[in-house]
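Colleague: Let's go through this one together. I'll keep asking where the labels come from.

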Amino acid sequence: MNNQVKDGKTREIFSESLFKGEVRFMEQMSLHTSLRIGGPADVFAVPEDILSLRNMHASLKRNQIPCLPLGGGTNILVRDGGIEGVVISFKSFKKIEILSEDDNYVNLSVEAGTPLQRLVRFSAENGFAGIEGLAGIPGSFGGAVCGNAGAFGYEIKDVLVSLAILDYESNIKNYKAEGIDFGYRKSGILPGEILISAEITLKKDRKDNVLARIEGFLSKKREKQPVWEPSAGCVFKNPPGLSAGKLIDEAGCKGMRIDGVEVSSIHANFFVNKGKATAFDFIRLMEEVAHKVREKFGILLEPEIRIVGRESVN
Ligand SMILES: Cc1cc2nc3c(=O)[nH]c(=O)nc-3n(C[C@H](O)[C@H](O)[C@H](O)COP(=O)(O)OP(=O)(O)OC[C@H]3O[C@@H](n4cnc5c(N)ncnc54)[C@H](O)[C@@H]3O)c2cc1C
């Protein structure tokens with residue numbers, strides 16, 4: 001891709017008649033991830049509207065250039081070699097719109113790039129209940145849907161009605177949420193598909209009730225998570241019926257460190273960047289921790305964070 005970036009293909013894909021938005025070359029992904037880790041993306045594109053997104057997507061497919069949709073970058077580890085092809089940012093897609101409501105329920109359309117916490121605040125301010133447990137989860141609404149984010153018994157899938165997805169042929173299709181296979185920290189949205197927006201349904205409640213529940217969840221989070229240090233949230237999924245954090249702690253890994261990455265002493269399933277951490281260090285620490293848990297409990301931990309990118313820049 002590096003060569004393609006420099007040649008005429010890029011000029012065609014991002015020509016003014018086809019694409020409106022921002023385009024940056026060799027953009028350090030450490031600027032776009034909560035871990036502050038990650039080498040350069042060949043291209044970092046911020047389409048301004050749906051037409052530009054579709055045109056770009058179609059040209060990328062035609063030219064066999066890979067692309068990676070990015071939300072808030074809070075559940076992703078980008079390798080030190082960065083990302084081949086185009087990273088698509090959804091920063092410009094952040095509209096929340098009321099579609100319909102009655103005395104008990106409201107239906108909202110939410111664009112993928114909407115910060116999840118903006119949606120949580122909007123719901124609280126209007127007395128809409130159903131996503132209070134998602135308070136404090138960073139990142140975008142789109143990222144939350146793609147990974148079925150959740151906490152305290154709440155999951156985003158429980159409020160979804162339908163999803164608008166850009167498919168491989170660059171067509172936008174609407175799917176009923178019940179037809180999509182959501183599971184623990186995963187959705188049936190396939191790699192290569194792009195979530196544009198989704199409709200959600202929330203229950204009407206008293207504003208102070210919603211706010212009180214949110215406050216309760218936020219204070220639990222502040223107590224139990226190192227929210228002030230760069231991390232990507234939970235590194236490993238909880239094995240069925242167990243807590244990955246507890247297993248890591250009991251395997252003696254709390255505070256373990258490889259160069260710039262440390263297993264948090266507050267929450268053992270959070271690995272934090274202590275300064276100049278690299279993805280290489282992070283993956284070594286993941287392997288070391290997984291090895292210790294396996295040795296002690298015979299349990300194989302599965303990553304929750306998505307690891308993407310190349311080992312080194314070509
Ligand atoms: C301090 C902290 C606390 C956290 N607490 C929680 C928690 O309690 N519960 C929880 O579930 N998670 C938690 N997380 C993890 C993370 O915030 C969530 O998983 C979040 O929903 C990820 O959203 P994002 O926009 O940052 O996704 P990104 O990291 O940007 O992307 C994640 C994946 O989704 C894909 N993706 C993103 N947007 C789209 C799109 N529009 N279309 C197609 N694919 C897309 C990306 O390609 C990538 O594969 C926490 C993270 C941190 C740093």
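**Labels and their cut-offs**

Modeller: Glu-101 has a relative accessibility of 47%, so Glu-101 counts as partly exposed. This is a predicted model, where local features need pLDDT of at least 70 and side-chain atom pairs count only at pLDDT 80 or more, while totals for chains, interfaces and linings use all residues. Residues are numbered from 1 along each chain as its sequence is written, and side-chain values use heavy atoms, with hydrogens and water left out.

Colleague: Why is Glu-101 called partly exposed?

Modeller: Buried means under 20% relative accessible area, exposed means over 50%, and partly exposed is in between (1.4 Å probe, protein chains only). Glu-101 is at 47%, so partly exposed it is. Lys-204, at 27%, is partly exposed too.

Colleague: And what makes Glu-101 and Lys-204 a salt bridge?

Modeller: The term needs a side-chain nitrogen of Lys or Arg within 4 Å of a carboxyl oxygen of Asp or Glu. Here the N to O distance is 2.6 Å, so the pair meets that cut-off. Glu-101 sits in strand S6 (residues 96-101) and Lys-204 in strand S13, 103 residues apart. Strands here are DSSP runs (E, at least two residues), helices are runs of H or I with at least four, and both are numbered from the N terminus.

Colleague: How do you know that Glu-304 and Arg-185 form a salt bridge?

Modeller: Their side chains come to 3.8 Å, N to O, so they pass the 4 Å limit. Glu-304 is in the loop between helix H8 (279-297) and strand S17 (306-308), and Arg-185 in the loop between strand S12 (172-176) and S13, so the bridge ties together parts 119 residues apart in sequence.

Colleague: Is Glu-304 buried or exposed?

Modeller: Its relative accessibility is 16%, so Glu-304 counts as buried. Glu-304 and Arg-185 also belong to a salt-bridge network with Glu-155, Lys-157 and Asp-158.

Colleague: Why is Val-120 called buried?

Modeller: Val-120 has a relative accessible area of 3%, so the label is buried. Its place is in helix H4 (residues 116-126).

Colleague: What about Val-227, buried or partly exposed?

Modeller: Val-227 is at 49%, so it is partly exposed. This residue lies in the loop between helix H6 (207-224) and helix H7 (244-250).

Colleague: Last one: which pair does Glu-229 form a salt bridge in?

Modeller: The partner is Lys-274, with the closest N and O atoms 2.7 Å apart, so this pair qualifies as well. Lys-274 is partly exposed, at 36% relative accessibility.
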